[in-house]
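We will go from the whole chain down to single residues, one stop at a time.

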Amino acid sequence: MTAKPSTAARSRNDRPIVADDGSWFVALAVAAAIAMLFGSVAGASAQETIDVAHAQGETAVLVNAETIVTFDLAALDILDRLGVPVAGVPAANMPDYLAHYGAGAIPTMGSLFEPDFEALNALQPDLIIVAARSAPQLPALSAIAPTIDLTLDGDDFVGSVASNVETLGRITGHDQAAEQLVADLNASIEALRQSAADAGDALIVMTSGGRVTAYGPGSRFGWLHDDLGVTPTIEDVEAATHGEAIGFEFILEADPDWLFVVDRDAAIGQGGTAAQAVLDNPLVAETTAWREGHVVYVDSAAWYIIGGGITALNNAIDQVADSFAGG
């Protein structure tokens with residue numbers, strides 16, 4: 001007689017088959033959950049980073065960093081244009097187009113010069129950006145989070161702006177948008193250079209506390225000449241941070257075709273005599289610029305505070321181009 005199979009059924013390879021009581025499903029689910037847990041931990045520990053070269057060296061930065069703090073308004077300008085949210089900003093006089101970052105809308109992490117380290121430690125950002133005024137704080141800030149210095153190169157202003165746009169685009173995963181912003185910027189500059197060739201010469205002055213300083217090629221605002229192609233009235237103006245102190249006689253003797261005016265008091269939100277009132281005197285009134293209506297009061301916050309932001313620079317280019325077109 002043929003023996004009956006035992007109660008434990010046999011497979012073709014003579015290994016027991018687990019009884020069909022549902023326990024195999026539970027075991028499989030547990031195994032899958034464990035695999036997913038360890039997989040997610042491994043993934044988190046291996047988040048992708050990129051090495052970012054900046055003004056003070058090279059720093060490994062998380063790709064698609066989610067919690068970004070910037071102490072540089074030019075970087076804020078760029079991030080805003082790229083549509084990247086920020087978690088912290090400095091307390092500063094914001095221009096109209098960045099007003100949605102002011103008045104407590106975004107947590108402030110200190111000033112343009114002094115970080116609030118307690119607030120930063122509480123926030124634990126993925127990335128901190130400094131530049132110019134805040135650049136000396138990089139060593140201390142690096143102890144909290146990866147920190148990069150996007151200070152502009154004064155010898156290559158527009159090139160530095162473009163580089164910062166591309167760097168922030170790469171960090172935040174907005175490479176294509178950044179490339180398009182740079183392409184549009186270069187096209188605007190090329191168009192302005194063509195119109196500037198026949199516009200005449202220009203002198204840049206800044207008013208502050210009733211005093212006047214002048215700027216020329218190679219200076220803080222020298223990009224008007226060096227990068228945008230506007231002919232300077234005077235080539236050898238002292239390239240100081242706050243310009244070369246001048247009197248109204250200097251402006252009359254220079255006799256510029258165009259006068260571009262930065263009102264520092266307005267830029268920093270400080271009360272004082274407005275630039276229009278400072279320059280409204282008989283000597284300046286004798287210049288070609290004044291007689292021809294070629295005195296341009298620029299967006300002072302954009303020029304003095306933000307400078308290297310992509311929107312700020314585009315606005316400056318548009319204002320210069322519109323002035324030449326209307327002149």
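Start with everything selected: of the 327 residues of the protein, 44% count as buried, where buried means under 20% relative accessible area, exposed over 50%, and partly exposed in between (1.4 Å probe, protein chains only). What you have on screen is a predicted model, in which local features need pLDDT of at least 70, side-chain atom pairs count only at pLDDT 80 or more, and totals for chains, interfaces and linings use all residues. Residues are numbered from 1 along each chain as its sequence is written, and side-chain values use heavy atoms, with hydrogens and water left out.

Switch to cartoon view and you can look for 14 helices and 11 strands; helices (H or I, at least four residues) and strands (E, at least two) are DSSP runs, numbered from the N terminus. Among contacts between residues at least 6 apart in sequence, 59% join residues at least 24 apart, a contact being heavy atoms within 4.5 Å.

**Helix 2**

Select residues 73-82. Why is helix 2 largely enclosed by the rest of the structure? Eight of its 10 residues are buried. Those are Leu73, Ala74, Ala75, Leu76, Asp77, Ile78, Leu79 and Leu82. Show their surroundings too: the buried residues of helix 2 pack against partners including strand 3, strand 4, helix 5 and helix 6, as well as helix 13 (300-306) and helix 14 (310-326). Just after the helix, Gly83 takes a positive phi of about 80°.

**Two loop residues with positive phi**

Next, pick Asn64, in the loop between strand 2 (57-62) and strand 3 (68-70). Asn64 is not a glycine, yet its phi is positive, about 60°. Most residues other than glycine have a negative phi. At 45% relative accessibility, Asn64 is partly exposed.

Then go to Ala132, in the loop between strand 4 (127-130) and helix 4 (138-141). Ala132 is another non-glycine with a positive phi, about 50°, and at 47% relative accessibility it counts as partly exposed.

Select Thr207 in strand 6 (residues 201-208). Is Thr207 buried or exposed? Its relative accessibility is 1%, so Thr207 counts as buried. Draw a distance from its C-alpha to that of Asp265: they are 58 residues apart along the chain, and 7.5 Å separates them. Leaving aside neighbours within four places in sequence, Thr207 touches Asp265 and others, among them Val212, Val261, Arg264 and Leu279.

His225 comes next, in helix 7 (residues 223-226). At 8% relative accessibility, His225 is buried. Beyond its neighbours within four places in sequence, its contacts include Ala202, Ile204, Tyr215 and Pro232.

**Back out to the surface**

Find Asp156 in the loop between strand 5 (147-149) and helix 5 (157-172); Asp156 is partly exposed, with a relative accessible area of 36%.

Finish with Gln176, in helix 6 (residues 175-196). Gln176 is exposed, with a relative accessible area of 69%. From Gln176 to Glu166, 10 residues apart in sequence, the C-alpha to C-alpha distance is 9.0 Å.
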